[in-house]
Amino acid sequence: MARRRSLTLRGLFIVLAILAAIAVAERVDILPQGTLDRLLGQEAQRARQPRRPQSAEPPPPVAARSSDRIDYVEVARRLDSIRVEPEKRRGYEREAWPHWLALDGGCLNAREKVLIRDSRRPATLDAKGCTVKSGEWIDPYTGERFTDPQMVDIDHRVPLEEAYASGGHEWSRERRAAYANDTSDPLTLLAASREANRAKGSKGPEEWLPPKRDGICLYVADWILVKARWELGMDERERVTVGNILADCRASAAQLR
């Protein structure tokens with residue numbers, strides 16, 4: 001009896017250790033969010049719960065900023081050049097998009113280069129000059145300020161999975177790496193807070209917009225320009241969403257003149 005109880009307790013400890021390991025793996029993005037919930041059956045339970053009634057109030061209107069300096073005529077022209085077609089997300093693998101590489105052969109990879117470029121004051125590097133140790137970054141999505149690079153993610157304006165779904169599924173591994181590490185255009189990669197970047201995930205403007213309302217116009221304009229530059233498509237829902245936001249931003253900007 002005592003031996004059976006010991007084996008039962010040992011099995012319980014093993015199960016708890018596995019669950020704790022899964023929770024930690026989710027937190028550091030080794031496993032996708034919701035893995036633990038799915039194992040415990042909580043996701044299905046949440047899905048059966050009645051939805052809370054949503055507020056009937058529309059979201060606050062977008063607010064253009066004079067500092068954005070958006071060429072709305074050019075952005076609209078580029079938007080018109082983007083093909084509209086269904087997305088293809090099946091088959092996406094993040095490992096097939098090599099990122100944070102030093103494509104120029106130096107010791108600074110794409111992440112470190114963006115941290116240096118986006119820092120509001122000269123970034124401090126380690127003794128080898130290869131890793132950023134401190135700087136000052138303002139998250140364009142939330143307005144938060146950071147000095148510790150560990151609190152900063154490098155965001156792909158158009159996420160890798162979105163790029164895959166929009167035409168990148170046909171790209172070679174070399175072109176995928178070029179996109180994932182593109183520091184030649186400041187619109188492709190930018191420094192953002194970990195929380196905002198992970199809340200955004202692989203979503204497009206039809207599903208996620210910056211919490212900072214006066215940053216939405218620039219975000220959507222840059223999204224369009226990145227997609228046009230890399231010849232990526234949009235599905236119908238995304239095209240309608242960005243088109244409407246762009247029109248609202250243009251009208252808001254006209255009032256500033």
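Let's start where helix α9 packs against helix α10 (residues 236-254): the two sit at an angle of about 130°, with their axes 10 Å apart. Angles here run from 0 to 180 degrees between N-to-C directions, and axes are lines fitted to C-alpha atoms, for helices over the stretch in contact. That angle makes α9 oblique to α10, oblique being what is left once under 35 degrees (roughly parallel), over 145 (roughly antiparallel) and 65 to 115 (roughly perpendicular) are taken out. On the α9 side, the contact (heavy atoms within 4.5 Å) uses Ile216, Cys217, Val220, Trp223, Ile224 and Lys227, and they meet Glu238, Val242, Ile245, Leu246 and Cys249 of α10. By class that is nine nonpolar, no polar and two charged residues.

All this comes from a predicted model, where local features need pLDDT of at least 70, side-chain atom pairs count only at pLDDT 80 or more, and totals for chains, interfaces and linings use all residues. Residues are numbered from 1 along each chain as its sequence is written, and side-chain values use heavy atoms, leaving out hydrogens and water.

Helix α9 (residues 216-229) also meets helix α4 (residues 72-80), their axes coming within 9 Å and crossing at roughly 45°. So α4 is oblique to α9 as well. Tyr72, Val75, Arg78 and Leu79 of α4 touch Cys217, Ala221, Ile224, Leu225, Ala228 and Arg229 of α9.

Now look at helix α5 (residues 110-118), where Ala110, Arg111, Glu112, Val114 and Leu115 are buried, meaning under 20% relative accessible area with a 1.4 Å probe, protein chains only. Their cover includes strands β2 (132-134), β3 (137-138), β5 (152-156) and β6 (189-193).

Notes: Helices (H or I, at least four residues) and strands (E, at least two) are DSSP runs, numbered from the N terminus. Buried means under 20% relative accessible area, exposed over 50%, partly exposed in between (1.4 Å probe, protein chains only). Ala, Val, Leu, Ile, Met, Phe, Trp, Tyr, Cys and Pro count as nonpolar, Asp, Glu, Lys and Arg as charged, and the others, Gly among them, as polar.
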